[in-house]
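Colleague: I am new to this structure and would like to learn how to read it. Please take me through it feature by feature.

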Amino acid sequence: MSGPSAPGSPGPGSPAPGPLQGARVLLTGASAGIGAELALRLAQLGAVQVLCGRDSGKLEAVADRCRAAGAPVTTRVVDLSDPDAAEALARDAAEELGGVDVVVNNAGAPMRRRVQRLTAEDLRRTMATNFESPARITLALLDGMLRSDRGVVVNVSSFGGRAAIPAEAAYCASKFALCGWSESLAMDLWHTGVEVRLIVPGAVDTDIWDRPGSDPAHYSGDLEAPGTVADGIVAVIVDALSRTGRFEHYLPDLQAVAEFKTASIDDYLAGAVAFADAQEASTDPESDPEAPPRS
Ligand SMILES: NC(=O)c1ccc[n+]([C@@H]2O[C@H](COP(=O)([O-])OP(=O)(O)OC[C@H]3O[C@@H](n4cnc5c(N)ncnc54)[C@H](OP(=O)(O)O)[C@@H]3O)[C@@H](O)[C@H]2O)c1
């Protein structure tokens, strides 16, 4: 099957297209939150998308909004806790689109559970969904991108992938892994036409806080609007398509906190534990404020 025209190529008599016009995009986690907002923005800018999620009803609702914006969209219901299914998704999308110009590895699942209660299956699922599947999707698309000497890989990690959060060891491990993978990927592809970008969201107002299978979050502060984060990701993609822009993007900008953690790890650990203890004491009548700190 022949794919759409190369991104940015003008149609007869039409105004100069933006860089996303006709861009072939694979977007995971498109059924909700940041991904749903991003799908709509990419559609409005003329991208041709394959959208992935698990909840087919929500995914189709997002796809319908994209189609109403005039953009071709197809959907794939895939559970990315299975990395083999993730690789198959990438191969299917590349075949359907005739190649992928931009992949946004946005799907992610929370795992808020202290290590004392964390199971091997919790760890496997979280690493598979948040790290191994994005990596396998990228590997499956890489040959095609290298052959055409163009492509953009956007990995959505987390502030928890730069500075760990109490009671989220599995989630943070998966997001740290995605950061390390992305850094090395960027270096290995430095001399190619394939651009790698890392998104580091802070606290964003999405369903991720209420998904079943996780303990309540300690954090109860301000939340960024998902549309604002999606706007930021669009700007990153537009720059990357013209091979400009930085590698890493904190949305919102929490880089100073991550830098404090790197510079003062013992202070960061003590402060994070004190914050979590205070939050638990205020919500859990059973908690013991005199409990000795963990050594
Ligand atoms: N919200 C925040 O505060 C925050 C902070 C830092 C980083 N992030 C990261 O931002 C990204 C987007 O999260 P969000 O806040 O938009 O969360 P969300 O509203 O919960 O949406 C998560 C998306 O990922 C998909 N997904 C989750 N597990 C999946 C699986 N096993 N297989 C396939 N798809 C799966 C969901 O699909 P279904 O709904 O169809 O299951 C949904 O489309 C994630 O990588 C998240 O870790 C978010």
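**Strand S6 and its surroundings**

Modeller: Strand S6 and strand S7 (residues 248-251) run parallel and are joined by four bridges; strands pair if DSSP finds at least two bridges between them. Helices (H or I, at least four residues) and strands (E, at least two) are DSSP runs, numbered from the N terminus. The model is a predicted one, where local features need pLDDT of at least 70, side-chain atom pairs count only at pLDDT 80 or more, and totals for chains, interfaces and linings use all residues. Residue numbers start from 1 along each chain as its sequence is written.

Colleague: Which residue stands opposite Glu248 in S7?

Modeller: Leu198 does. Strand S5 (residues 151-156) runs parallel to S6, with six bridges between them.

Colleague: How do I read the handedness of a crossover?

Modeller: Let the strands point away from the viewer; a crossover is right-handed if the path from the first strand over the helix to the second runs clockwise. S5, helix H5 (residues 169-188) and S6 form a right-handed β-α-β unit. From S6 the chain crosses through helix H6 (residues 226-241) to S7, and this β-α-β crossover is left-handed.

Colleague: Which residues are buried on the two faces of S6?

Modeller: In a regular strand the side chains alternate between the two faces of the sheet. One side of S6 has Val194, Val196, Leu198 and Val200, the other Glu195, Arg197, Ile199 and Pro201, and all are buried. Buried means 20 or more other C-beta atoms within 10 Å of the residue's own, exposed means 12 or fewer, and partly exposed is in between, with C-beta atoms placed from the backbone. S6 spans residues 194-201, and eight of its eight residues are buried.

Colleague: Why is Trp181 counted as partly exposed?

Modeller: Because Trp181 has 19 other C-beta atoms within 10 Å. Trp181 lies in helix H5. Its C-alpha atom is separated by 9.6 Å from that of Asn155, 26 residues apart along the chain.

Colleague: What does the domain assignment give?

Modeller: Domain bounds come from an automatic or database domain assignment. Here the protein chain has domain 1 (24-254) and domain 2 (264-295), with C-alpha centres 31 Å apart. Four residues of domain 1 are in contact with six residues of domain 2, where contact means C-beta atoms, placed from the backbone, within 7 Å.

Terms used: Contact = placed C-beta atoms within 7 Å.
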